[in-house]
Amino acid sequence: MRDRLHSTSPHIDASAARFARAPARGNGGETTVRVIATLTAALVALPVASIFVLAAQPVPELWPHLISYVLPGTLRDTLLLLAGVAVVTLIIGAGTAWLVTAHDFPGRSLLVWLLPMPLAIPTYIAAYVYADLFEPLGLAHKMLSVLVPAQQAAMWLPNLRSLPGAILIIGLVLYPYVFLSARAMFQTQGLDALEAARMLRAGPWAIAWRVTLPMARPALAVGLALVSLETLNDIGASEYLGVRTFTVSIFNTWLNRSSLPGAAQIALLALLFVALLVVLERQGRRHRTYAGAENPRTIRRRRIAGAKGWAATVACMLPALLGFVVPLLFLIRESLRRGLADHSRTALLEEALHSFAYAAIATAIALLLGLAVVLASRWRPGRLRTTLGAIARAGYALPGLVLALGLLAPLLTVDNAANTLARTMGFATPGLVLIGSGAAVVIAYVVRFLAVPAGFIEAGFARIPRDYDDSAAIAGASRLTTLRKVHLPLLTPALLGAAIVVFVDCLKELPATLLLRPMNVETLATSIYQYASRGSFEDGALAALLIVAASIGPVAWLARFSDVPSGPA
């Protein structure tokens, strides 16, 4: 580019000379960003390294017990839960995505918005709601008792506190991950193959099975990987429904058996599962990036009339009703019936304040660190920056409980060092600086959700041509000036979207909050967990409703941006 500029005019030559000097003017900012990106990657890698160190401590008396009584059931339940949830979410997510993308039928416009809404319901809240609805003397039992004797009605109730119950409930909440990724692929996949199949008189099922699904394999792999990671991260639903996953076993070994090394050793097994899921997701996408690349035309929807159209409506309406509408109505009903807004005002305000404060601080820090990670790669591309960026985003794959376990030892080390330093200098010891102040919760949120702002910001930068950077440099602007006056205004939508998603994810996060929050401090999520542990989840309905209400807007925003108009008829 510099050669081309030199050949045009003396004015451009002078500008090019300033352009050549521009990197030197921006070195200060560039160095700072590079250091922050490196420290961010180190922060994300720290809990994993800590777990390896903890697991290296021998606990010979523990493993005979684990091998005899814990691990066989844990391994079986985890594998069956992951496989079952994957099947449920694949059937519901891919099936409904294909219906609303390729067809027109009654209520389709509303269903496009409703189908992603179960993402607003945390899995543990859905588990508490359905367990309450279908337990003896619950709402479903009372309704059945109107038709048949109460004893007979109790026998008809499904046992949701079981592995099949957990598979169904978690699948109903997590299928939108598959729905959104599959729908994005269905909308933009190449039309040539579909039109060729139609010209060969292939039926709708043959097209879906032999053309559409193979082309959508990369999107399905991404969606299923997210579903599996969220399932592995869950602790509230699994524990409440009696399923012994790795997360539940780590929790019990750590707190009930007071064995931190033993919990770390089980956590390593959980990390092996995470690594396997990541590898499977990469293999699923391998050599399958051609869909839609040659023909970006959007798919043309076909009208389904009559009984088939209403059947499609029911097929799409059921998962939205069960995954979102029923839990939402239950929470509203219990909140109104118990007058929770009047009776729990002070405690609820404190819990909401803690939740919003932790989430807001973590969101702000995650945005800054995510911006630094992406900027480091944009300003100075290279293998090292790419590697640091990949490490910084890896925190999302860490289950919250494993992350909390890995952060505990380093944070306590910092707290002890601060106390030793204060004692040496003759000052009063500050006590637990990180663990006792809530900073540990914020750090856990940042590590776990940093991948979200990094992804949003990278996508935003992809829409900003590098010519803008060159033009700003020619005008004599430093890196930081270009960032402030050019990049940030253009990145505003991406930053806003990332902030909303991270904030809501922080509000919903349970495992890390449960274990790292300060003593006698509750958030909305931990308060709901405490009520459910005492068998009175209904008393936490208003707190659950607040989390769901805060999540509805971001999910609607995701649904809005996932919608692409149909192609020409």
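A quick definition to begin with: a residue is called buried when its relative accessible area is under 20%, exposed when that area is over 50%, and partly exposed in between. Keep this in mind as you read my notes, and remember that the model is a predicted one.

1. **The overall picture.** The chain contains 27 helices and two strands. It has 569 residues, and 53% of them count as buried. Now take the contacts between residues at least 6 apart in sequence: 83% of these join residues at least 24 apart.

2. **Arg448 and its two partners.** Have a look at Arg448 in the structure. One of its salt bridges is with Glu230, where the closest N and O atoms are 3.9 Å apart. Glu230 sits in helix H12 (residues 217–233) and Arg448 in helix H21, so this pair ties together parts that lie 218 residues apart in sequence. Arg448 also meets the side chain of Glu509 in a salt bridge, at 3.2 Å from N to O. Glu509 belongs to the loop between helix H24 (479–508) and helix H25 (511–516), while Arg448 is in H21, so here the parts being tied together are 61 residues apart in sequence.

3. **Buried or exposed: where do Glu509 and Arg448 fall?** Both Glu509 and Arg448 are buried. For Arg448 the relative accessibility is 3%, and since buried means under 20%, the label follows. Glu230 comes out at 16% and also counts as buried.

4. **H20 against H21.** Helix H20 (residues 400–424) and helix H21 (residues 439–449) pack at an angle of about 130°, and their axes are 10 Å apart.

5. **Who touches whom between H20 and H21.** On the H20 side you'll find Gly400, Leu403, Leu407 and Leu411; on the H21 side they meet Ala440, Ile443, Ala444, Val447 and Arg448. Sorted by class, the residues of this contact are seven nonpolar, one polar and one charged.

6. **H6 against H26.** Here's another pair to set beside that one. Helix H6 (residues 123–133) packs with helix H26 (residues 524–533) at an angle of about 30°, with axes 11 Å apart. H6 and H26 are therefore roughly parallel to each other, and their crossing is left-handed. In the contact, Tyr124, Ile125 and Tyr128 of H6 meet Ala525, Ile528, Tyr529 and Ala532 of H26. By class that gives seven nonpolar residues, no polar ones and no charged ones.

7. **More on H26.** How many of the ten residues of H26 are buried? Seven of them are, which leaves H26 mostly covered. The buried ones are Leu524, Ala525, Thr526, Ser527, Ile528, Tyr529 and Ala532. After H26 comes Gly535, which has a positive phi, near 75°.

8. **Salt bridges elsewhere.** The count of salt bridges comes to 13. One of them joins Arg380 to Glu30, with the closest N and O atoms 2.7 Å apart. This pair links distant parts of the chain: Arg380 is in the loop between helix H18 (345–379) and helix H19 (383–393), Glu30 is in helix H3 (residues 27–55), and the two are 350 residues apart. Their surroundings are worth checking too. Arg380 is partly exposed, with a relative accessible area of 39%, whereas Glu30 is buried at 4%.

9. **Asp77, a last stop.** Asp77 lies in helix H4 (residues 63–102). Its relative accessible area is 8%, so Asp77 is buried. Which residues does Asp77 contact, leaving aside its neighbours within four places in sequence? They are Leu163, Val243 and Arg244.

Technical notes
Residues numbered from 1 in each chain as written. Predicted model: local features only at pLDDT ≥ 70, side-chain atom pairs only at ≥ 80, totals over all residues. Heavy atoms only, no water. Axes fitted to C-alpha atoms, helices over the stretch in contact; angles between N-to-C directions. Helix = DSSP H or I, 4+ residues; strand = E, 2+ residues; numbered from the N terminus. Contact = heavy atoms within 4.5 Å. Nonpolar A, V, L, I, M, F, W, Y, C, P; charged D, E, K, R; others polar. Salt bridge = Lys/Arg side-chain N within 4 Å of Asp/Glu carboxyl O. Buried < 20%, exposed > 50% of the residue type's maximum accessible area, 1.4 Å probe, protein only. Parallel < 35°, antiparallel > 145°, perpendicular 65-115°, else oblique. Left-handed = near helix turned anticlockwise from the far one by under 90°.
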